[in-house]
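Welcome, and thanks for opening this report. Please have a look at the model below, and then we will walk through it together.

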Amino acid sequence: MTPLAGIGARRRRSDRVARTMLAVATGLALVPLVLILFYLVKQGLGAWSPSFFTTDPSGRFLGDPGGIRSAILGTIEIVALASAIAIPAGIGVALYLVEYGRDGRFATAVRYFVDVMTGVPSIAFGLFIYITLVLATGFGGFAGWKGSLALALLMLPIVTRSAEVALTLVPESLREAALALGAPRWRVVARVVLPTALPGLVTGVLLAVARAAGETAPLLFTATIVKETTANLAAPMNSLPAQIFSDVGQAQDRLVARAWGAALTLVVMILVLTTLARLVSRRSRIA
Amino acid sequence: MEAGAISAGGGRSILERPPLARLPDRALRWGLTALAVSILVLIGFFFVRLYLESRPAFARFGLLGFSFANDWDVQGGVFGALPLLVGTLITSATALVIGVPVAVSTALYITELCPARARGTLTAMVELLAAVPSVVYGLWGFFFLVPRLRPAEQWFADHFSFLPFVGGHVAGPNYFIAGLILAIMIIPIVSAISREVIATVPADHKEAALALGATRWEMIRTAILPYSRAGISGAAMLGLGRAIGETIAVTIVIGNAPTIGKQLFDQGYTLAAVIANEFGEAASDPLHRAALIAAGLLLFVLTLFVNLVARYFVVRGERGKRAAPGTPVAAG
């Protein structure tokens with residue numbers, strides 16, 4: 001930063017002012033992050049105890065409010081089922097787009113609507129499942145699997161878009177080499193394209209799972225909030241975000257304390273997933 | 001696959017696979033196509049479902065009557081969504097005004113100014129903001145921001161009451177707090193897309209500006225910003241789409257009063273928040289339920305519109321890039 005001749009004092013000053021402002025704004029963006037994490041750890045650790053993780057919410061108005069076992073297990077079950085639906089479907093659509101559809105008119109339309117889906121607010125997916133499945137006569141009522149479906153709708157476009165990027169990065173020469181050796185298309189896909197793109201696929205999938213795990217709105221209408229732990233996906237099921245939301249609404253100190261503990265648990269789970277995603281993407285050979 | 005001259009029995013080229021061996025190929029192709037088709041069907045079904053279920057509300061109050069009447073009265077059975085629409089627009093606009101300048105600044109700082117060593121860390125930290133779930137933002141906003149910012153807000157309201165929509169009593173949860181939380185929540189996405197856009201500015205342009213004696217800031221102003229203006233607008237619009245659809249964090253800190261607040265620090269309501277709060281009680285009241293679904297449809301159409309505009313900007317930005325090589329770009 002040697003002041004060259006020819007740059008007047010005024011220009012130099014405005015340069016310095018502008019740079020400082022950009023740096024300050026960057027710092028400003030990180031202030032909430034630090035505050036949230038600090039506050040979360042401070043309040044959340046206070047609520048953690050062995051029984052916090054091993055008991056269900058008691059629902060008693062006074063005394064021990066209980067822990068968050070049902071919420072943790074519920075989140076894992078709901079998100080696992082959602083992933084089991086959204087990951088194969090999302091990667092399948094991406095495979096179609098990259099391997100078969102390419103730049104055709106139909107593929108462009110699919111790509112466009114996947115984009116549209118990315119912009120749909122998560123609450124709209126919840127509402128959709130609510131009116132089609134929860135209110136429907138026949139198999140009405142709240143259920144864990146309906147929450148999974150709502151989350152799967154939310155994950156699908158995220159998985160598809162990231163998978164499409166990962167699959168596009170597979171060099172065309174690899175595909176051509178495999179085809180030239182006489183491999184049928186499905187083998188090329190299964191043995192060459194998917195393995196090469198694997199790290200990219202995994203990264204996208206983990207980010208989608210992390211996103212789904214933190215969603216509250218779609219679960220309120222579908223899996224709802226209950227106290228008991230259940231392995232039955234056809235029954236109403238608790239989840240961490242829904243539990244936090246309901247505890248905040250109660251405005252009782254001991255429930256708010258539980259909300260902080262649950263929030264810390266949720267954030268730790270999500271951070272583990274995103275960190276894994278980062279590590280995997282760093283190990284990727286392509287891209 | 002063109003059959004060669006050499007052919008096996010049955011008129012089939014030896015290079016061709018027997019029909020049975022081609023089965024998996026066909027299955028894969030049609031299976032994937034069917035999957036892609038089902039996405040389109042799903043989205044169509046989604047829209048039709050929301051529309052059909054919301055019809056009672058539109059039939060009762062009319063499309064305009066529902067969207068723009070200033071009366072949301074659950075007990076009275078009257079549903080006009082204007083207070084919710086206004087709440088959604090005020091909070092998202094606040095989020096844009098606060099969040100976009102900060103996000104674009106971080107993008108510029110990270111790509112152009114900060115030491116190369118700090119780049120990765122800063123990027124990761126900004127992205128960490130996206131890993132915090134909505135409900136945790138709400139929790140933090142309600143128990144940390146609301147009580148701590150209240151004196152400052154009251155001071156601002158008292159001393160700047162000459163500004164429009166400022167002045168009077170500051171409510172605990174209010175539009176401004178919701179907007180501030182939304183601003184924090186949209187920073188990562190706006191910053192990430194802005195970074196991508198800024199990264200596509202050709203090095204030629206930047207080096208040319210510097211070679212002509214521009215300072216760093218002048219280079220940013222004359223080479224980077226004009227080139228990436230469309231892309232950054234697109235990023236801002238995507239952030240707006242996020243802010244409009246955000247539900248839980250806003251529900252916790254907006255105050256949930258179905259009236260139009262007179263000023264920025266009043267309690268309010270948003271389209272998404274009303275759905276999250278009232279759907280339980282609405283299950284037994286068909287009109288109320290239809291009204292909530294209509295609010296959802298309104299929200300969906302609003303985000304759709306914003307996202308289409310965003311897409312237009314981003315695509316235009318990309319097209320500009322493709323056309324750019326060789327052609328001098330007029331610097332503003």
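## A helix pair in chain A

The crossing of α3(A) and α6(A) is right-handed (a crossing is right-handed if the near helix is turned clockwise from the far one by less than a right angle, and left-handed if anticlockwise). The two partners are helix α3 (residues 69-101) and helix α6 (residues 144-168) of chain A, which pack at an angle of about 35° with their axes 6 Å apart. Axes here are lines fitted to C-alpha atoms, for helices over the stretch in contact, and angles run from 0 to 180 degrees between N-to-C directions. The contact of α3(A) with α6(A) is made up of 22 nonpolar, seven polar and two charged residues. In this classification Ala, Val, Leu, Ile, Met, Phe, Trp, Tyr, Cys and Pro are nonpolar, Asp, Glu, Lys and Arg are charged, and the others, Gly among them, are polar.

## How to read the model

This is a predicted model: local features need pLDDT of at least 70 and side-chain atom pairs count only at pLDDT 80 or more, while totals for chains, interfaces and linings use all residues. Residues are numbered from 1 along each chain as its sequence is written, and chains are lettered from A and ligands numbered from 1 in the order in which they are written.

## The two chains

Chain A has 11 helices and zero strands, where helices (H or I, at least four residues) and strands (E, at least two) are DSSP runs numbered from the N terminus. Its C-alpha atoms fill a box of roughly 70 × 65 × 35 Å along the principal axes. The radius of gyration of chain A is 24 Å, whereas a compact globule of 287 residues would have one near 19 Å; the value is taken over C-alpha atoms, and the globule rule is 2.2 Å times the number of residues to the power 0.38. Of the 287 residues in chain A, 48% are buried (20 or more other C-beta atoms within 10 Å of the residue's own; exposed means 12 or fewer, partly exposed in between, with C-beta atoms placed from the backbone).

Chain B has 11 helices and two strands, in the order α-α-β-β-α-α-α-α-α-α-α-α-α from the N terminus. For chain B the box is roughly 90 × 65 × 35 Å, and buried residues make up 45% of its 332 residues.

## Where the chains meet

The contact between the chains takes 64 residues from chain B and 68 residues from chain A; two residues are in contact if their C-beta atoms, placed from the backbone, lie within 7 Å. On the side of chain B, helix α1 (residues 19-61) gives the largest share, 15 residues. That side holds 43 nonpolar, 13 polar and eight charged residues.

The largest nonpolar core has 190 residues, and A:Met155 and A:Ala263 have the most contacts inside it. Such a core is a set of buried Ala, Val, Leu, Ile, Met, Phe, Trp, Tyr and Cys residues joined through C-beta atoms within 7 Å. Helix α6 (residues 175-199) of chain B supplies the largest share of this core, 16 residues. Leaving aside residues up to four places away in sequence, A:Met155 touches A:Ala82, A:Ala86, A:Gly90, A:Ala208 and A:Ala212.

Is A:Ala107 buried or partly exposed? A:Ala107 counts as partly exposed because it has 18 C-beta neighbours inside 10 Å. This residue is found in helix α4 (residues 105-119) of chain A.
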